[in-house]
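Biologist: Hi! I'm new to this one, could you walk me through it?
Modeller: Happy to, here it is.

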Amino acid sequence: MSKILKVQHLSKTYRSGEHDLNVLNNVSFEVGSGESFAIVGPSGSGKTTLLGLCAGLDTTDEGEIWLCGQNLFELDEDGRARLRNQNVGFVFQDFQLLPTLTALENVIVPLELRGVKKAADQGKELLAKVGLQDREGHYPSQLSGGEQQRVALARAFANKPSILFADEPTGNLDDDTGTKIEDLLFELNKEQGTALVIVTHDLELAQKTNKSIRLRSGKIEETVG
Amino acid sequence: MGKNNTGFSWLLKMAWRDGKASYGKLLLFVFSITLGVAAVVSVHSFSDLLKENIASQSKALLGADYLIESDKPVNDKVIGIMDSLGGADAKEINFLSMAAFPGNNGTKLMEVRGVEGGFPFYGDLETTPVSAADDYRNGGALVDATTMLQLNLKVGDSIKLGAVTLPITGDLETVPGSTSVFGAIAPPVLIPFTYIEATGLVQTGSRIEYKYYFKAYENEDMVLLDKKVAPVLDAEEADLDTHLTEARRLGRRYENFGKFLNLVGFIALLLGCVGIASGMGIYVQMKLKSIAVLKCLGASKRQSYLIFFLQIACMGIVGGLLGTVIGYLLQQLFPILLGDLLPVDVDITLSLQSVLLGLSLGLAMSILFALYPLMKTLYVSPLQALRVVQETKPRSKRATTAVGLGIVLFVFSFSFWLLGDFMRSLFFVVGLLVVFLILTAVARFFMAMLKRFFPYSWSFIARQSLKNLFRPQNQTLVLVLSIGIGTFLISTLYFTKDMLLEKAAIEDSANSANMILMDIQNPQMDDVSNTIKASGYPVIDKIPIVTMRVETLKNRHVEDIRKDTTSQVGRWILNHEFRVTYRESLIGSERILEGDWISSVDANSDVPISVSSDFANMAKVTIGDPVSFNVQGRIMNTVVQSIREVDWSRLQPNFSIVFPSGVLENAPQFGVMTTRTTDDQGSAQLQQQLVRQFPNVSILDLKRILSLLEDILGKIGWVINFMAFFSIFVGIAVLMGAIYSSKHQRVKQGALLRTLGAQGYQILKMIAIEYAILGFLGAFMGVLLAVLGSSLLAYMLFETTFTPSWVPFLIILPAITLLVFALGVGNSIGIVKNSPLSVLKKEKE
C-alpha cells in the first residue's frame, strides 16, 4: 500500500509571551491510501495542531510532512492551497459551511476551484448521495446541524480527494445523527478509496478505523493497529 | 504543482453569491458612496454646464461679436483703428444718473444707456409693447420693467434725465449688457444717443463709458483680433472685449462660488469614504472565518482577496451610477435656488463626462478606501477554520504605506482638480491628515487613560460599559474616527459658510451713513449740504475727489511700461482714471501696513501719498518709490509714504490713493457726501428734492442695496445650506453604517450576559452608556477641531477674524451625540427582545 501521508519527527512550539510552549514533540506516523486513521487524546494534547500541520494549514521548522508525495514545507501558502484543492477534503467539528452560500453552492466550491465544467450537476449528485437533494437552495442557517454536516461531507468528497481530514466530525451532533454521519463518512471512504484521518475524543469512532495513535502532551503515547 | 483552474468568471460568481447574501450590510456603504458622488457630480456638472451655456450665449450676452470701450472719449488713433475694422456698427454712452418721473414725483438711480445703430445684433431687446424696441429710437425711453412696476409707471408717462424729458415708449424686459444683479441697484433706461448731450449729465467726475459695437465678418478670428488689436487699444486707454473674453470674464465670476460648492460636494464624498473604510473593516472581520474555509478548500490568497475586492468594485460602480443619476436630478434644483443670479438660462443635460466622472469617482474612492481593510484577507491563516488563532501576521508595511500614499495622492489630486490651486489643495489634504492623526491619538489616549485609571468602585453596568471601550476588538477607534471626521467636516462647513456670509454682510450701525450722494460739482457742495441739513438730516462726510491718471512709476513712463512685455505692473494701474481724495486722517475701513501717515504738507516738494495695498501690489511700488500723476493736464510728483490695508467690503467711499491736505485743494474737483436718513418717506422726499435741484447728482440708497445684497446672499446661502445638508445626510448614513457594523461586537456579549441572567434593561443601559460616551467624544473632538481648522481658514484664506458660532456646540454636538446614542440603542434592542439562542444563531449567519 502506497503512503499518502508521511509524518517524520514533527515538533511544533508556540511562543506565548516570554515562554515557549511545546505542543508537538517528535511525532512520526504514516497513513496508506484508502486507510482510515484516528488521532485521539485529551484536550490540549496537540490533536488539532497535528491535523492542521498534516493538511498544510500551518507550518513548523522541525520535522517533515509528505502529503501525496509532496514535501509540504517546501511549498508556499498558495502551493499548499492548490495541493489541498486537488487532493484533500475537510470535515470540521462546527461544519464551517460558507454562510452566504446555499447548500449546493457550498458543495461545488472545490469543483469550481478546479475548473470543473458542469460542477452544479456533480454537486446535485453529491447532495443526493447524502440525502439532501431537496435542500440544495437552502442556506446553512436554514439547515439543522446534521444536515449541515452532511453538506460538509458532500463538499469534502466533491473533488474525489486522496485524503480526507476530519476534526471531531460528530462532536457537535447528537448520538443518532452522529452515528449516521459516521456511517456516511466510512461509506464514502470505502466507495472512493479515500484515506481518512480523524481527530476525535470518541474512542468508539477511533475503533472503527484501521489504525490510531493516542497523543498526550504532544507525544505519541500509544499506537494501535 | 499546477495552478488551480478558476478564471475571472468564478471570482465574479463568488463575489455575487456572497454579496447577495450580505446586501443588507453592503447597502449602507453603497448609499454613502451614492450620496457623495451625487453631491460632486451635481455641483461639478452644473458648473461645467453654466460655463458651456455662457460660452454658447456669449454673443447674446454682449449683443455683438466684439466691442471697443473706453472711460473717456476715444482719440483719433482709436477712431482710426475702428475705421480699419470697418467702422462701428453701433455706439453707446452709458452712465449712472438719477432719473425723475414727474408724473408721480418718483426718483431712482438708473443706468442711462444712449444707443445709436442696430444694437443689439445678437440676443433680444425685449420690450412691452414689442414695437417699442424700434419706436424709442424716434425720441422715447425704454424703462426697466421692474422699475415701471415699482413706481407705478405706464407707457406714455415721462422720464426726466438731467435737462431732458422724454416719453416712456415701453417696458424694457431684457437688453444685452445689463445684468439683473446690477440692474437691481441701477436699472437700465435706453434712450437715443442723440439726447445724451442735451441731458447735461456728462460733467466732471461723471463715470461715463463709451462703447462701440461691431459685427464680425464671417469666420473672423476673435482670438487673433484680440491678440492684434487689444495691445494697441490698451496704449490708447481703450479696451477690446470680444464675446469670447466676455464669456471668460463671466465664467470667472462664478468660478469661486463653484469651487466652494465643489469642495462641499467633495467633503460629502469623503464622508462617504470614511463610511466605506470603517464599515469595510468590520465587514472583512466578519468574513475572516469564511476566507479561512475558502483557503482550506484550496483558494489562493489572491483569489480570496479578489472575491471581496470585486464586491467593493461593484459597490463603487453601482454607487457611482446611482450617484450620477441623483446628481443629475439635483442639478435641476440649482437654477430654481439661484434664480436670477445666473447670467444665462442653463439647459440641464446628462453628459457622458458626468457619467464617467461619477463612475470613476465611485470606483476609485470605494476601492482606495477599502484597500486597507481588505489587505487583512491576505493574512488570514486557513488554520482559523479549525480554531481561533490569536496570532495574526502583521500587514506588510510597504503595502500599507502604498495604500496610505495612494489615498493621500488621490485626495490631493482631486482637490487640485477642483480648486486649481496647489497650496490650497495641500492645505486641505494636510488639514484632513492632521485631523485624522489627532483623532487617532485622542482615541488611543482615551483608551489608555481609561485602562490606567479604571473606576473599579463603580457599578457593574458602568464598569462593563467602560470596559467595552478598550476591550480587544473594541470599536472606540473606528467610531471616534468616523464620528469625529464627520462632525469636523460638517462643523467646518458650517463655520466657513458663516464666515463667507458674514464677510459679505454690511455694517448697519446707528452712526454709519445709509445714503451716498455722488458726482456733486464743487460749486454745488455747500448748496447740497444745506439741502440735506434743511431736511433734518446730518452731513456725515464731505469727500473731495480729484481725478488723475498715473504718468510715471518709479520714474518709468506708463508708455514704456506698456511696451515692456516683461513688466508685471497691472494694466488697471496704467489705464485707470483714479478718483483720489485728500484728508488729514485715516478712516474706519483703513489701517497702516507700512510707512507713516502724513496728514498735511506744503505743495513745494514731492507729495507724500498713501496707497492701498492692492495698488502697491499691482503697481509694484513700495515705501519711498516715486509715482507721478497726470492731474487733468498737470504733472504732479509724489512719493509713496504709506501703504494702507483697505476693507473694500464696507459700503462707504474708499480710495486707492489718498493725498495729504494742502496739495489738491485748488485742483478741479467734485465731491461725494454721505448722510443718514431715518425713514423711507423722509429718504424719498430728500431724494426728490435733490434730483429736482441738482439733476447731475447721483444718489445711492444703501438701505436698498443692503436688502438687495441680503437677498443675493440669501439665495447663495440656500445653495450652500442645501449642499451642507447633503454632507450631513451622508454623515448620518456613515454613522448608521459604522454603528450597524459595530453592532455584532455587542450582540454576542449581550446574548451571553442574558444567558447568565442579566436583565434586558441592564444590557441596554450598558450599550447606551458606551454609545453616549463614544458619540460625545467623537462629536466633541470634531467640533473642537473644526474651531481650530476654521480659525486657520479665517486667518490664512479669508483674512478675517473668526468668532465661532454657538450652533455647532449647542446643536451639532448634542444632535450627533444623541444620534449615535439612539442608533446604537435602537440597533441593539433585538438583543433583549429575542431569546439569547436566536440572537446567537442569527449572528452566526
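Biologist: Let's start with helix 3 of chain A: how many of its residues are buried?
Modeller: Helix 3 of chain A is mostly covered, with 11 of its 11 residues buried. A residue is buried if 20 or more other C-beta atoms lie within 10 Å of its own, exposed if 12 or fewer, and partly exposed in between, with C-beta atoms placed from the backbone. Helices (H or I, at least four residues) and strands (E, at least two) are DSSP runs, numbered from the N terminus. Do keep in mind that this is a predicted model: local features need pLDDT of at least 70, side-chain atom pairs count only at pLDDT 80 or more, and totals for chains, interfaces and linings use all residues. Residues are numbered from 1 along each chain as its sequence is written, while chains are lettered from A and ligands numbered from 1 in the order in which they are written.

Biologist: And what do the buried residues of that helix pack against?
Modeller: In chain A they pack against helix 2, helix 4 (119-129) and helix 5 (145-158), together with helix 1 (8-21) of chain B. Contact here is for two residues whose C-beta atoms, placed from the backbone, lie within 7 Å.

Biologist: New topic: what do strand 9 and strand 10 of chain A form?
Modeller: They form a hairpin with 2 residues between them, and Ser217(A) in the turn has a positive phi of about 50°. The strands pair in the antiparallel sense over 5 bridges; two strands pair if DSSP finds at least two bridges between them. Within that pairing, Leu215(A) stands opposite Ile220(A).

Biologist: Why does strand 10 of chain A lie largely in the open?
Modeller: Because the number buried is 0 among the 6 residues of strand 10 (residues 219-224) of chain A.

Biologist: Over to chain B. Is Tyr213(B) buried or exposed?
Modeller: Tyr213(B) is buried, with 26 other C-beta atoms within 10 Å. Its place is in strand 9 (residues 208-214) of chain B.

Biologist: What does Tyr213(B) touch, leaving aside neighbours within four places in sequence?
Modeller: Its contacts include Gly63(B), Leu67(B), Asp89(B) and Phe119(B). Tyr213(B) and Gly87(B) are 126 residues apart in sequence and 9.2 Å apart in space, C-alpha to C-alpha.
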